[in-house]
Amino acid sequence: MTSSVPRLVVAAPSSGSGKTTVATGLMAAFAARGLAVSPHKVGPDYIDPGYHALATGRVGRNLDAYLCGPELIGPLFAHGARGCELAVVEGVMGMYDGAAGEGELASTAQVAKLLRAPVVLVVDASSQSRSVAALVHGFASWDPQVRVGGVILNKVASDRHEELLREALESAGVPVLGVLRRAPQVDTPSRHLGLVPVAERQAAAVDAVAAMAAQVERGCDLEALLELAFSAGALTEEAWEPPFTATEKRAVVAVAGGAAFTFSYAEHAELLAAAGAEVVVFDPLRDEQLPDGTAGLVIGGGFPEVYAAELSANEPLRKAVAALAESGAPVAAECAGLLYLCRELDGRPMCGVIGADARMSERLTLGYRDAVAVGDSVLAPAGTRMRGHEFHRTVVEPGAGAAPTWGVRGADRRVEGFVQQGVHASYLHTHWASEPGVARRFVERCRTS
């Protein structure tokens, strides 16, 4: 199948240049014109896709060449963009920054090449004039396979500043497709792990996305950007689909959601459903019981540390989770889910499923991980290799149980996580599209536990 969905990749020389404002603003501005816009984010980020979803009315999806492998980027893109008239892909970090020590792997540049998509480079021009030409020329010429089709200048101070920048860029051969003036920052507050998720500030987030759209509408040539998107090369990869369809009786799998548990890849729920799960989302901040008939539980990432008091106060649900785990039912917990299953978090009682305590830390743990399953679990048999990602400012003590989940390979060689009965609890975020069998194995265990 050939995909001809017009598409743009929004990149920048470095973090903090304005990628999120421009990408989200473009999504919202084009959606307001009646286009069906498919939103995507390079890398493992869970938060930006929430803003993308607000902008477009569609699920924000990640494109991570480290977690899923370069071979899945095209298929996952085609899956998410099916039926759309335009796709906007927000990059990660600086355009050529990828997994540490892995060359271009997982960089925005690599994803742009895999998607045969033109790049719009967002440049923070606040402290330069003629030098902008050297910067843009360098990024546009560094890799001849990356096509920088235009530049959007951000934080431009005045008409005179804009004039100087445009004059300089004439020699770089890259057209200016937008100029955004210095303005009060759009209301997108941050904290210890980045932007505050949409689920925690729904009304304010809607206003923030509207402000981004207005800023982009005023400052960008949307017609020229759309024309650039139509110049993307054809993709020949088949759209990704779950590689199985269940015929057995469906099992209820409860998935934690709400403001405390906002980190999830859309493909996980799709894989669970294809494997035969009836996926039911519940909110541990508000619901005092698990969904009726729960046979398995998935608790992804998020910010339980921000809501520790409220989670702890919901004693009926904590007891219900503990009872489910004690029964041997499958429970898969990642990062925030791991903290919730601990005895306590920052001194507040949690579910007490695993014999460990969690607390906030000053140290940020961040990076990709190459992992292998130490033993059999409800997610994977021993020896299964998966790539994961860690991103947290918490510590769990001890860091591993008698039966760990993963052995982390490479320089950071260690074991981590907890496997006991049907519980698989770990700090590692994984993308199940890279190893769909974990979803099928989990649902099968839900039927037999």
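**View 1. The whole chain, a predicted model.** Of its 449 residues, 58% count as buried. The chain has 13 helices and 22 strands. Its radius of gyration is 22 Å, close to the 22 Å that the globule rule gives for 449 residues, so the chain is as compact as a globular protein of that length. Along the principal axes, the C-alpha atoms fill a box of roughly 70 × 45 × 45 Å. Among contacts between residues at least 6 apart in sequence, 76% join residues at least 24 apart.

**View 2. An open sheet of seven strands.** The order is β3-β2-β4-β1-β5-β6-β7. The pairing is parallel. The edges belong to β3 (61-63) and β7 (176-181), each of which pairs on one side only. From one strand to the next, the twist averages 25°.

**View 3. Strands β1 and β5, with helix α5.** Strand β1 covers residues 7-11, and β5 covers residues 119-124. The two run parallel and are joined by three bridges. V10 has its bridge partner in β5: V120. Helix α5 (residues 131-141) lies across β5 and β6 (148-156). The helix runs at about 150° to β5.

**View 4. An open sheet of six strands.** Here the order is β11-β10-β12-β13-β21-β20, and the pairing is mixed. At the edges stand β11 (277-282) and β20 (418-420). Each has a single partner strand, so one side of each is left without a neighbour in the sheet. The twist averages 15° from one strand to the next.

**View 5. Strands β12 and β13 in the six-strand sheet.** Residues 294-299 form β12, and residues 331-334 form β13. Three bridges join these strands, which run parallel. In β13, A333 is the bridge partner of I299.

Conventions. Residues numbered from 1 in each chain as written. Predicted model: local features only at pLDDT ≥ 70, side-chain atom pairs only at ≥ 80, totals over all residues. Heavy atoms only, no water. Pairing = 2+ DSSP bridges. Helix = DSSP H or I, 4+ residues; strand = E, 2+ residues; numbered from the N terminus. Axes fitted to C-alpha atoms, helices over the stretch in contact; angles between N-to-C directions. Rg over C-alpha atoms; globule rule 2.2 N^0.38 Å. Buried < 20%, exposed > 50% of the residue type's maximum accessible area, 1.4 Å probe, protein only. Contact = heavy atoms within 4.5 Å.
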